[in-house]
Amino acid sequence: MQVNTPDWVKHAVFYQIFPDRFARGKQPRKSHLQHSRWEDWHAAPTYQGYKGGDLWGVLENLDYLQDLGINAIYFTPIFQSASNHRYHTHDYYQVDPMLGKNGALRELLVAAHERNIKIVLDGVFNHSSRGFFFFHDVLENGPNSPWVDWFKIQGWPLSAYNGEYPANYSGWAGLRALPEFNHDNPEVREYIMEIAEYWMHFGIDGWRLDVPVEIKAPGFWQEFRARVKAINPDAYIVGEIWEDASQWLDGTQFDGVMNYLFAGPTIAFTAGDRVDIEKVKGSSYQPFPPLYAKEYGEKIKHLLQLYPWEIQLTQLNLLASHDTARLLTIAGGDKPSVELATLLLLTFPGAPSIYYGDEVGLAGGRDPDSRRGFPLESHWEFDVLEYHRKLIALRHAHPALRTGSYEILYAEGTVYVFARILGNEEIIVAVNIGTAPAFVSFEVTSLKSKPSKLLYGSADVSWNSEGESIQLSLNLPARSGCILG
């Protein structure tokens, strides 16, 4: 079967935004919430408090994102909800009033598209909330509600709030706040399909799907893909799947998944024993134990063999998200670990995703601390911002870094070297994770040219020929990486 994925994703650099925490709009706009009391923007975030970020704030910062090199935004949920993260959906047809309502999204889409920036929304279709009208009707009317069969109800009475009694309905992860849909009900299935179609017609560029593995109704995601792609064949459909996603990446369902299988080994390699185990304990993407170059190379080789190449090019690669601690904090505050991991992220096949604030050195532990307010410019780490800009610009400037083949050239000890090759363009990326300088020399047989111009980082580079053998020698500073073109 031929696998088709959206071309634009192969050239995208995503920026993940948690809307309540990125920026508050500065321009006065009509809102019932203008004078509401938000949490202090720079105070530690809480589970239930709001900081007042909105879509107007994103709109006003599009120039910043464009200057960074971002050409796609993935938003965590924006629909009406009674939670700051908005995974508790009240109304799938309304952008939350605190975020600016549907009008703010419409203006944002127009402004973003004028800059060739795509917008992908988060679809929470496994479960709704206690405030979702259809479930609220069940709470009010019990077995007499016409919506009873929309949910997984096991008995009566329902106990949506009092934990002393059985909930008598299924909630995601056992949470009463998140009643699960009954996806075997054709009415539920059609309702969700129509939501997806509505926002595609509205102008969004794709869907990130929350916990899609929980929806087990046969043919559900195949139908979802068919109906979304019928409206926009270039729509991006990406699933939140943390492990091997082969059964969903067969070309009939998703274009990619959030690539935690890249994140885990990459952090384990670049941060090594600096990883703060308390910040990743119990996580399924496992950025531990420490890896050396050979082990890292084996994991990357396995990852690149899991899915068709067309899918590899539209994976959503990341190092952190709203569901993890911040990369800087995971790495125990070690800045070189973050830079090396970012270098590997932005030179890997697939679409890289930057979690808002990571590009200016924002730290943060596990939820809710990973969802801090975007820092004041006076608190930015400008060296971190600069290397993000450089690496993103290099990715945009060199097609091989986006769609070229990936070939491991050397992986021993603390040094990992690979090539990205597209036609006559050949790029070499080398990383030394060690605390001492490293000198390596190895035979290179697959490259036609001899890339030696430093595009990024520092290293002593030399090519030597002995008979038919061509040797590349690299002298790499400690805890450093470079790109040769």
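Guide: In this predicted model, helix α11 has the buried residues Ala 293, Tyr 296, Gly 297, Ile 300, Leu 303 and Leu 304.

Visitor: How do you know that they are on the same side of α11?

Guide: They cover an arc of only 125° around the axis, and this is what puts them on the same side of the helix. The face turned away from that buried side carries Lys 301 and Gln 305, which are exposed; exposed requires a relative accessible area over 50%.

Visitor: What do the buried residues of α11 pack against?

Guide: Their partners are the helices α9 (260-270), α12 (309-312) and α14 (335-345), together with the strands β8 (256-259), β11 (405-412) and β12 (415-422).

Visitor: What makes the span of α11 close to the expected one?

Guide: The helix, residues 293-306, has 14 residues and reaches 20 Å from its first C-alpha to its last, to be set against the 20 Å expected at 1.5 Å a residue.

Visitor: Why is Ser 81 called buried?

Guide: The term applies under 20% relative accessible area, and Ser 81 has 6%, so the residue qualifies as buried. Ser 81 is found in strand β3, residues 79-81, and, leaving aside neighbours within four places in sequence, is in contact with Tyr 50, Arg 86, Tyr 87, His 88, Thr 89, His 90 and Asp 96.

Visitor: What makes the approach of the side chains of Ser 81 and Ser 83 a polar contact?

Guide: The limit for such a pair of N or O atoms is 3.5 Å, and the contact that joins these two side chains is 3.1 Å.

Visitor: How do you know that β8 pairs with β7 and with β9?

Guide: Pairing needs at least two bridges. Strand β7 (residues 236-239) and β8 have two, in the parallel sense, with Val 238 opposite Gly 256 in β8. Two bridges also link β8 to β9 (residues 316-317), again in the parallel sense, and there Met 258 has Leu 316 as its bridge partner.

Visitor: Why are β14 and β16 called edge strands?

Guide: Three strands form an open sheet in the order β14-β17-β16, with antiparallel pairing. In this sheet β14 (438-443) and β16 (460-466) each pair on one side only, and that is what makes them the edge strands. Neighbouring strands of the sheet are turned by 15° against each other on average, direction ignored. Seven bridges join β16 to the antiparallel β17 (residues 469-476), where Ser 473 is the bridge partner of Ser 462.

Note on methods:
Residues numbered from 1 in each chain as written. Predicted model: local features only at pLDDT ≥ 70, side-chain atom pairs only at ≥ 80, totals over all residues. Heavy atoms only, no water. Helix = DSSP H or I, 4+ residues; strand = E, 2+ residues; numbered from the N terminus. Buried < 20%, exposed > 50% of the residue type's maximum accessible area, 1.4 Å probe, protein only. Polar contact = N/O pair within 3.5 Å; in protein donor to acceptor, adjacent residues only side chain to side chain. Contact = heavy atoms within 4.5 Å. Expected span 1.5 Å × (residues − 1). Arc of directions from axis to C-beta. Axes fitted to C-alpha atoms, helices over the stretch in contact; angles between N-to-C directions.
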